[in-house]
Every structure is written in structure tokens, then in C-alpha cells.
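Hi,

Here is the structure I said I would pass on. Have a look at it, and then read my notes below.

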Amino acid sequence: MATTAFAQTEGHGLPWDNFAYRVITLVVVLGVIWYAGGSKIKAFFNGRASGIEEELISLETRKADAKAKLADVEQRIANMDAEAQSILDEYRKQGEAAKAAIIERAEKSAAQITEQASKAAENEVKQAMEQMREEMAELVADAAEQMIAKKLNKKSHEALIDKYLTKVVLS
């Protein structure tokens with residue numbers, strides 16, 4: 001329709017009357033909208049502006065809270081490294097103490113074993129000495145018997161028996 005109106009005019013000018021009607025219509029429509037909903041439009045834009053301001057304030061507050069939480073978390077992480085190191089140091093100390101206790105018990109056990117072995121060796125030496133004495137006594141007795149048997153004849157044997165019998169009887 002605008003193209004036909006443009007084509008019907010002579011020359012190359014614009015159809016100002018059509019343009020004017022459109023501008024007037026626009027102004028009337030905007031006026032009606034402003035009259036009917038101007039206060040609501042103002043309230044909407046003012047409410048929107050105040051909502052944006054409140055949201056910005058809220059965001060700033062949340063940003064500050066997030067920064068504080070981040071600083072707290074970073075501090076805890078830094079403390080975790082120190083705490084982990086202190087825990088490791090404590091476990092090392094406990095390990096060294098356990099190691100020292102184990103070594104001490106092992107040394108005591110070794111001393112007891114050495115003492116027991118020494119006593120066992122002494123006992124074995126005593127037993128061996130006692131056994132050797134018994135064997136020596138038997139050998140001496142056997143040798144004495146053989147020697148007496150060689151030197152003693154029947155007559156001296158009877159004299160020896162009589163001598164001992166008289167000692168036993170008199171005692």
C-alpha cells in the first residue's frame with residue numbers, strides 16, 4: 001500500500017501526508033499507553049532498577065562472603081600441610097621409640113640367651129668333670145684291685161680279713 005502510494009505521486013518526493021498520519025497515530029497510541037499504563041511502566045522500570053540495585057548489592061555481599069570462604073579454605077589447606085607434617089613427625093617419633101624399644105628387648109633377650117648358654121656350658125663342664133671323676137675312680141679301683149690281687153696271696157688275704165673283722169668287732 002505504501003509502495004502504491006509512493007508510485008502514484010508525481011515526482012520522486014515522499015508522501016508527507018501518509019507519514020504525518022502515521023506519526024500522529026504513533027503519538028496517539030503512545031499517549032494512550034502512557035495514560036493507561038504510565039504509572040505501571042514507571043513502577044516497572046523503577047522496580048526493575050531497584051531490583052537490579054538490590055541484586056548488585058546482594059551479589060557484592062555474596063562475593064565478599066565467597067572471598068572470605070575462599071580465604072578460610074586456603075588457610076585450612078595451608079594448615080593441612082603443616083598439620084600433615086606434624087602428624088608425619090609424630091609418627092616418625094613413635095616409630096623411632098618403637099624401634100628403640102624393640103632393639104632394647106632384643107638386646108635383653110640376647111643377654112638372657114647368652115647367660116643361659118653360659119650356664120648350660122658350665123653345667124655340661126661340671127657333668128663332664130663328674131663323669132670323668134667317676135670313670136677315674138673306677139679305673140683307680142680296678143687298677144688297685146688288680147695290683148692288690150697280684151701282691152696279695154691267700155695268707156696275706158686272710159690276715160687282712162682278720163684285721164678288719166677285729167676292727168669292726170671292737171668298734
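First, a term: a salt bridge here is a side-chain nitrogen of Lys or Arg within 4 Å of a carboxyl oxygen of Asp or Glu. Keep in mind that this is a predicted model, where local features need pLDDT of at least 70, side-chain atom pairs count only at pLDDT 80 or more, and totals for chains, interfaces and linings use all residues. Residues are numbered from 1 along each chain as its sequence is written, and side-chain values use heavy atoms, leaving out hydrogens and water.

The structure has five salt bridges. One of them joins lysine 108 to glutamate 104, with the closest N and O atoms 3.5 Å apart. These two sit four residues apart in helix α2, so about one helical turn separates them (helices are DSSP runs of H or I, at least four residues, and strands are runs of E, at least two, numbered from the N terminus). Another pairs lysine 119 with glutamate 115 at 3.3 Å, N to O; they too are in helix α2, four residues apart. Aspartate 89 and arginine 92 also meet in a salt bridge, at 3.4 Å, N to O.

Now the rings. Searching the whole structure gives one aromatic pair. Tryptophan 16 and phenylalanine 19 make it, edge-to-face, with 5.8 Å between centres and 85° between planes. (Rings of Phe, Tyr and Trp, its six-membered ring, pair if their centres lie within 6.5 Å; planes under 30 degrees apart are stacked, over 60 edge-to-face, the rest tilted.) Both residues lie in helix α2, three residues apart.

Cheers
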